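Opening the notebook on this one.

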Number of protein chains: 2
Amino acid sequence: MHLTKSDIEHMERKKRLNIINSVSGIKPANLIGTKSKDGQTNVAIFSSVLHLGSNPALLGFITRPTGEVPRHTYENIKETGYYTINHIPTAIADKAHYTSAKVDRDTSEFEQCGLTEEYINGFQAPFVKECHLKIGLKLVDELPIQVNDTIMIIGEIEELIIPDASVDDKGYIDLSLFNTAGISGLNTYYSLAPVASFPYARPNEIPDFGT
Amino acid sequence: MHLTKSDIEHMERKKRLNIINSVSGIKPANLIGTKSKDGQTNVAIFSSVLHLGSNPALLGFITRPTGEVPRHTYENIKETGYYTINHIPTAIADKAHYTSAKVDRDTSEFEQCGLTEEYINGFQAPFVKECHLKIGLKLVDELPIQVNDTIMIIGEIEELIIPDASVDDKGYIDLSLFNTAGISGLNTYYSLAPVASFPYARPNEIPDFGT
């Protein structure tokens, strides 16, 4: 199948959404947990979490600003400055998926979707108990992406919980040992299996690939 | 394992790099193909490609600006305005990985790593023949991320090649049918297997999760 820019523009909207949401490759499956300043908790699925740097340890994610549709995650982060990012294990993909339904602000998706709030080390925002790798972040910047009216939220890692058995001496983490899921498109969840690992690539150590 | 911000700051540099590069979850494995205005081709692995929007169809990726270290991909995109993004199949993870070695600008990683340039539909930048899902993009914006001196390159999709058998009527693409890889950390490659798919989540159609 070969589509040009014009084919994409003239495609039926839902089909375009499904196709274009799949072409970046596999996306990470995370739940973002927040709490409003009035104490109302919220949890929502995001597939746009991105590594930005390791020193300081920064992660980004993309959201739309609050406009016609309220964006509780964004509002809570702006109000309090704190949020959590939690890897979704494949076993709770169904619960995690339904956090994307637009419910009233006074309904917590934790309760609605059978997920459990967890508070660790006095961190203000709720972690998700059913997740095994969990990160507490502090908002550090908000970057408008003008070409399509989205925002990149940037946070620094303040708390990091990783299952012991999945980390080796060098700091390599095997995501498959705690069943972290990937997402393709808007609604398909994948399991992950490690297949290969290679050393840091130095110019004088490139294998002979028969060229 | 529970690490605080201070633990992360005081960790040995390489271990921190490995850990923090893994905590965002699975990352997409893509090769970005470019050509300088003088005709020198380049191909490099990136794990930061991100879906930004489907209408217009926009993808982003993160790079460092050219400073002490030359960034051939970035320089070529700035010079010509065009580039390709190609899904890495697990079978060529080794070749793809070694494109990250810093070679001279007059050496093409295509040749160095046993990958094949492919030109499609008159598109200016080289696709990677060994990849099955391939995207031709035009640069539309460049967004400085000041907190850690990186840049998000934003491009619009102009050409999109997807294996026929992997797309269904609704536009769902099964990434496992052409063995698209995921990456965790800096050097571990994962295979993907679909495990579940759920409909668009409407508030009145949330399953009873026993709460």
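I call a residue buried at under 20% relative accessible area, exposed at over 50% and partly exposed in between (1.4 Å probe, protein chains only). Helices (H or I, at least four residues) and strands (E, at least two) are DSSP runs, numbered from the N terminus.

This is a predicted model, where local features need pLDDT of at least 70, side-chain atom pairs count only at pLDDT 80 or more, and totals for chains, interfaces and linings use all residues. Residues count from 1 along each chain as its sequence is written, chains are lettered from A in the order in which they are written, and side-chain values use heavy atoms, leaving out hydrogens and water.

**Helix 2 of chain A**
I looked up the buried residues of helix 2 (13–20) of chain A and got Arg16(A), Asn18(A), Ile19(A) and Ile20(A). In chain A they pack against strand 1 (2–4) and helix 1 (5–9). From chain B, strands 5 (50–54), 6 (57–63) and 11 (150–161) join in. Contact here means heavy atoms within 4.5 Å.

**Symmetry**
I superposed the copies by least squares on the C-alpha atoms of residues with pLDDT of at least 70 in both. A 180 degree rotation with 0.0 Å of shift along its axis puts chain A on chain B, RMSD 0.0 Å. The two copies are thus related as by a two-fold rotation axis. Leu192(A) has the C-alpha of chain A nearest the axis, at 2.5 Å.

I traced an open, antiparallel sheet of six strands, 2(A)-12(A)-13(A)-13(B)-12(B)-2(B). Strand 2 (27–28) of each chain stands at an edge with a single partner strand, so one side of each has no neighbour in the sheet. Strands pair if DSSP finds at least two bridges between them. Strand 2 of chain B pairs with strand 12 (182–184) of chain B over two bridges, and Pro28(B) has Gly182(B) as its bridge partner.
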